[in-house]
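Hi,

Here is the structure I promised to pass on. Have a look at it first, and then read my notes below.

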Amino acid sequence: EFMQAFWDIEEAQAKAIQHLASFVRDKSALPYLQMFTELITFAMKSHVASLKLQVDGCSLLLEILSQALEQDVVMALDENVPSSLLDTVRNHSENEELLSLVCTLLMMISASEVAAENLKKAGGIPALLSILRNFLHNEKICLSCCGVLWSLAASESNVDQALLKSAVPLTSAVLQEHLQNGTVSEAACSALWALSIQGCLTENDYEPTTGLLLDALRLNPERPVLVKNACLALASLLKLSELSALRFITDSKGSGIDLIRDAYHLHLADVEVMGNICMLMNEMVQYDDVVLDMLSQKMDQLLFEIKRRCPSS
């Protein structure tokens, strides 16, 4: 009631957010998390120019959403939440610390199909791409933005194809910049896979993107999620283009076939990795030159091993 009565007074809203924060930390606020979210969002939207209120509001929203996730509480977030967060992005486009908080929140809410749809309608994709352009060096921001892009590209609802296409070079740039960071690389590979299956890559993208994905596999072979994501993205590219297939077997840093064999030996017990390797090999055998390379490297024997270990693959 206090927040609603004094909605136009910044200091009152700031004090109320501080009070709510102490209530949320007591873990006694579970029944009120939805209402708190709406009140905080409204306060942020009403005082969007206040940096402190935006930081405090985002921090508390992050705590609320994390607590809801821990307690398996489903929160029906309306369009005001993504809309308010994007207002924050536009008004504080140079504040890296705040944008990092906002991007984490956007990644969390984009897991919901409804929230992802609202985020698209509110102009989420251009806002994310603008953040990536300005903060490509920031691992946390890149991780969150790639997570959101994956959710938006993989969702069933229609997305502006031109907007998604404009995400391809930036997502590739993220992967190139953070190849040594396994977590960011995982997210970037996943986003590239989603963009690929949506038909967002052009013929000029196929070969360099294949090379980037091979680099990600080469530098992070021990990470099962990255291996799965990279295999899916590579399978999608090989399905589309013989250029990708040729780059796969002739990459100057080493053949993709060697990387697949290494991934197999590292993740023998992971059925999902085996399944994704099989999906990739299923696309590889479309091309005669690739088949000859596979046979010369005894990949038929590896397939028999996978079939014996994981019949479902």
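How many nonpolar, polar and charged residues are there in the lining of the second largest pocket? There are 7 nonpolar, 4 polar and 1 charged. Here Ala, Val, Leu, Ile, Met, Phe, Trp, Tyr, Cys and Pro count as nonpolar, Asp, Glu, Lys and Arg as charged, and the others, Gly among them, as polar.

Before the rest, some ground rules. This is a predicted model, where local features need pLDDT of at least 70 and side-chain atom pairs count only at pLDDT 80 or more, while totals for chains, interfaces and linings use all residues. Residues are numbered from 1 along each chain as its sequence is written, and side-chain values use heavy atoms, with hydrogens and water left out.

Back to that second largest pocket. It holds about 190 Å³ of space. A pocket is found on a 1 Å grid over the protein atoms alone: it is an open set of points where a 1.4 Å probe fits, with protein on both sides within 12 Å along at least five of seven lines, and lining residues have an atom within 4 Å of a point. The volume is the space filled by probe spheres set on the points, which are joined across faces, edges and corners. Its lining includes Trp-150, Glu-186, Trp-193 and Asn-229. Helix 9, helix 11 (182-197) and helix 13 (224-240) each give two or more residues, and helix 11 gives the most, with 5. Helices are DSSP runs of H or I, at least four residues, numbered from the N terminus.

The lining also draws at least three residues from each of domain 1 (60-66 + 77-152 + 168-183) and domain 2 (201-312); the bounds come from an automatic or database domain assignment. The C-alpha centres of the two domains lie 30 Å apart.

Now the largest pocket, at about 300 Å³. Among its lining residues are Leu-65, Asp-72, Met-108 and Ser-112. Helix 4 (51-70) gives the most, with 3 residues. By class, this lining has 10 nonpolar, 1 polar and 1 charged residues.

Last, a helix pair. The axes of helix 9 (residues 139-154) and helix 10 (residues 161-177) come within 11 Å and cross at roughly 145 degrees. Those axes are lines fitted to C-alpha atoms over the stretch in contact, with angles from 0 to 180 degrees between N-to-C directions. Cys-142, Cys-146, Leu-149 and Ala-153 in helix 9 meet Leu-164, Ala-167, Thr-171 and Val-174 in helix 10. That contact has 7 nonpolar, 1 polar and no charged residues.

Cheers

Key:
Contact = heavy atoms within 4.5 Å.
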